[in-house]
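Here are my notes on the model, point by point. Please read them with the coordinates open.

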Amino acid sequence: MHYATAVDIIAIRFACCDRYYPCHACHEEAEPHPVVLRPRAEWDAPGILCGACGTELSVTAYRASESCPACSADFNPRCRLHWDRYFEQ
Ligand SMILES: [Zn+2]
Ligand SMILES: [Zn+2]
Ligand SMILES: [Zn+2]
């Protein structure tokens, strides 16, 4: 685990392999290919998994929330600093 504080509860579905990983470094260790950023056109599809309740959120819903809409678990606000590693800008 790379970002393993209590608020690091989500996993991100990577567009390249369609698998969930908690962070880009986990993806890098497990996959032989480079990360493909999720295109803006796919932001409304499920792309974020809340590890606290198992709900899948769209990227759009995740980016608009500071906590999980289903279970109110807080998201790590510092993840916003790394969005450019996951989502097309
Ligand atoms: Zn991948
Ligand atoms: Zn990681
Ligand atoms: Zn949740």
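1. S72 counts as exposed because it has 11 C-beta neighbours inside 10 Å. The scale is as follows: buried means 20 or more other C-beta atoms within 10 Å of a residue's own, exposed means 12 or fewer, partly exposed is in between, and C-beta atoms are placed from the backbone. Phi of S72 is near 60 degrees, a positive value in a residue other than glycine. S72 sits in the segment after α2.

2. A word on provenance. This is a predicted model, in which local features need pLDDT of at least 70 and side-chain atom pairs count only at pLDDT 80 or more, while totals for chains, interfaces and linings use all residues. Residues are numbered from 1 along each chain as its sequence is written, and chains are lettered from A and ligands numbered from 1 in the order in which they are written.

3. D18 also has a positive phi, near 60 degrees, and is not glycine. Its place is the loop between β1 and β2 (20–21). D18 is exposed, since 7 other C-beta atoms lie within 10 Å.

4. What does the chain consist of? It has two helices and four strands. From the N terminus on, the order is β-β-α-β-β-α. Helices (H or I, at least four residues) and strands (E, at least two) are DSSP runs, numbered from the N terminus.

5. The four strands form an open sheet in the order β2-β1-β3-β4, with antiparallel pairing. Two strands pair if DSSP finds at least two bridges between them. β2 and β4 (56–58) are the edge strands, each pairing on one side only. Between β3 and β4 there are three bridges, in the antiparallel sense. P46 stands opposite S58 in β4.

6. Which residues of the largest nonpolar core touch the most other members? They are I10, I12, I48 and C50, out of 15 residues. The elements giving two or more residues to this core are β1 (10–13), β3 (46–50) and α2 (59–63). β3 supplies the largest share, three residues. A nonpolar core here is a set of buried Ala, Val, Leu, Ile, Met, Phe, Trp, Tyr and Cys residues joined through C-beta atoms within 7 Å. In soluble globular proteins, nonpolar side chains tend to be buried together.

7. Not counting residues up to four places away in sequence, C50 touches I9, I10, T55, L57, C68, A70, C71 and A73. Contact means that two C-beta atoms, placed from the backbone, lie within 7 Å.

8. E88 lies in the segment after α2. It is partly exposed, with 15 other C-beta atoms within 10 Å. Which residues does E88 contact, leaving aside neighbours within four places in sequence? They are L37, R38, P39 and R40. E88 and L37 are 51 residues apart along the chain, yet their C-alpha atoms are separated by 5.3 Å.

9. Now the overall dimensions. The chain has a radius of gyration of 12 Å, which agrees with the value near 12 Å for a compact globule of 89 residues. That radius is taken over C-alpha atoms, and the globule rule is 2.2 Å times the number of residues to the power 0.38. Along the principal axes, the C-alpha atoms fill a box of roughly 35 × 30 × 25 Å.

10. Two totals to finish. Buried residues make up 20% of the 89 residues in the chain. Of the contacts with a separation of 6 or more, 35% join residues 24 or more positions apart.
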